[in-house]
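I set out below what I looked up in this structure, entry by entry. The sequence and the model come first.

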Amino acid sequence: MSGVGPFQDNPCLRVDGLAIARGGRVLFSGLSFAAEAGEYVEVRGANGAGKTSLIRALAGYLPPRAGTIVFERIAEPALALHYVGHANGLKSNVSVASHARYWSGLFGRAGDEEAALARLGLGGFGARLPRTLSQGQARRLALSRLLIAPRPIWLLDEPAAALDAQGREMLAGLIDAHRADGGIVVAAVHEPLGPAPSLALTVGA
Amino acid sequence: MLNYLSNPQRFMGFSAWAAPLFAVLATLLFAIGLPWALVFSPPDYQMGDTVRIMYLHVPAASLSLGIYAFMGIASFVSLVWRHVLADVAARAAAPIGATFAGICLVTGSFWGAPTWGTWWEWDGRLTSMLVLFIIYLGYIALWSAIEEEDRAARLAAILCLVGVINLPIVKFSVDWWSTLHQPASIMRSGGTSIDDSMIGPLATMAGAYAALFATLTLYGMRAAIFRRRVEAAELRNAA
Amino acid sequence: MNAFSVTFRRDFAMMWSGGGALAPLGYFFGATMLVPLAMGPERDLLAAAGPPLVWIAAALAVLATLERLFQADLEDGSLDQMLLSRAPLEWIVLAKACALWCAIGLPLALAGAPAAIALQAPVERVPAIVASLALGMAAFIGVGLVGAAITAGVKRGGVLIALIVLPFFAPPIIFGSAVASGEDVGAALLILAGCALGGLALGPIAAAAALRLQAE
């Protein structure tokens, strides 16, 4: 289906009493939730409420002020995550195919990078440079990381930003396929992505 | 004792009486030490009265190194335990260490002028001190350049520890370099040799410098903690 | 392909592309040219004092490239991905350092040959000078990594990184200049090799620690 194969280990993400602070200011506190394999957590909240900070904390970039983030049945969290944030992680003078090969080596390859690109509507874009891509195409390239290397937990920060209707459909399809494979998706969004969330959180209320 | 003081409230309580105490001690020691060193101690049989500059120069040199070691320890604590007091201590100590290093360089220049006939000589020890001075400047500049205080504290701590590791290497390199080029150097420790009569004023001045460091650092830390409290209160009011 | 090799290849290609090494080389030659302009062209004076000054030009040129090493990665989100890699961040930083040495450090070391000759170094000393520059570049990069990582988020951090890093450039410059002056060449080269190995072993550790702080 998604080509990345089912995740056998039944991973689980458990957050307990999480408090996040930025610049000395506590954004939110006492956040607790759990996400089992196959679940999709949708994180809502006003601008500046702390959605991005929550996703970054789950990714391990931002140490929490209080509380715990536990990945059960996962040996090494940093190797089990994918993070797609606001910045796409692209170099403007490195080709699309080159990016795919780089991520393949960086994360550990799944299979055909060309097929992964094609699934995101970037088939045949191999020689293009990111500075010649539209915002939406650049976003798709960033999302191709999710398919190039199989990892159970996807942490997405407004993944549909700049995507057109077709792109959003494709993204919804990717999320569904990943859930069916037993993976977990946590996405911070302003608008629903499509798939029905197992859990809808609002941050910083 | 350090554990006891690691609570900011208790530290403020401690420094409220400790800082003025050190201030009094520093004033006292300078009041005794300066006249003793500059007027009443015996002149050196070789250098005459210019040896008196040593009493300003040598303690400044030792203290500036000691302060960097202090900052190194504070930086280590800051990185491992992420403690606000450690950050504040390191940041408060830095300008004092830099100033002492500067005093060492200037007094070294004044000391050397009659001896060498020039206002600066690339003597091994002075050169090492100059490198230390620039390391201090870089550390202080880094704090100012980074906006988020927590991140600035941690990055400055890394820089300080890198400096701690590199200082012996720099000292070794500069010594190697100065023996290679063999400039005439009269700047051995304390001039020719430390006579018993020199130890008294030297120790007093060293104590005075140390008390001054303690005073200024404690007051600096208090000021920083007060400022953080004000900022935290403003953030709470704005939210 | 593992994380080290893809990082090395990508960074090398990025630094090398579009004549990437030309700017630091140009800077290096330009700075070298300033030496006789400042000292006067008299051959004996240059022969006595000139060759070591190639080290100042080399230090400045490599400093200019260090500034950009991590800044782009921090801004475009690449650092976030590196933190999720199979390989530890220290290893990836070492890969970037090796790429920098191969793409820019080594060309600068080789450019030291004509530069040293222009500064009236005797020809038989030039191979030692090039070898010392190659080792010195590795030492500069090792310690420069830390400065680059610490100042990665600072806008217009060029002057700041220079202030932070220059004191730590002193040991390689001291020993490298000794080679350039022909004094104690064997000992100096050995110590330079030590600086290079130490810098490349410890620099990535401190730089990775700083980069994790930058990612917060």
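I began with terms: two strands pair if DSSP finds at least two bridges between them. Helices (H or I, at least four residues) and strands (E, at least two) are DSSP runs, numbered from the N terminus. The model is predicted: local features need pLDDT of at least 70, side-chain atom pairs count only at pLDDT 80 or more, and totals for chains, interfaces and linings use all residues. Residues are numbered from 1 along each chain as its sequence is written, and chains are lettered from A and ligands numbered from 1 in the order in which they are written.

Entry on the sheet of chain A. I looked up the bridge partner of Asp157(A) in S7(A) and found Ala188(A). Strands S6 (residues 153-157) and S7 (residues 184-188) of chain A are joined by 5 bridges in the parallel sense. I then traced the open sheet of chain A, whose 5 strands follow the order S5-S6-S7-S3-S8 with parallel pairing. S5 (81-84) and S8 (199-202) of chain A are the edge strands, each with a single partner strand, so one side of each has no neighbour in the sheet.

Axes are lines fitted to C-alpha atoms, for helices over the stretch in contact, and angles run from 0 to 180 degrees between N-to-C directions. Helix H6 (residues 165-180) of chain A lies across S3, S6 and S7 of chain A, at about 145° to S7(A).

Entry on Gly108(A). I located Gly108(A) in the loop between helix H3 (96-107) and helix H4 (113-119) of chain A.

Entry on H10 of chain C. I noted a kink of about 30° at Gly203(C) in H10(C), shortly before Pro204(C); the bend is the angle between axes fitted to the seven residues ending at a residue and the seven starting there.

Technical notes
Contact = placed C-beta atoms within 7 Å.
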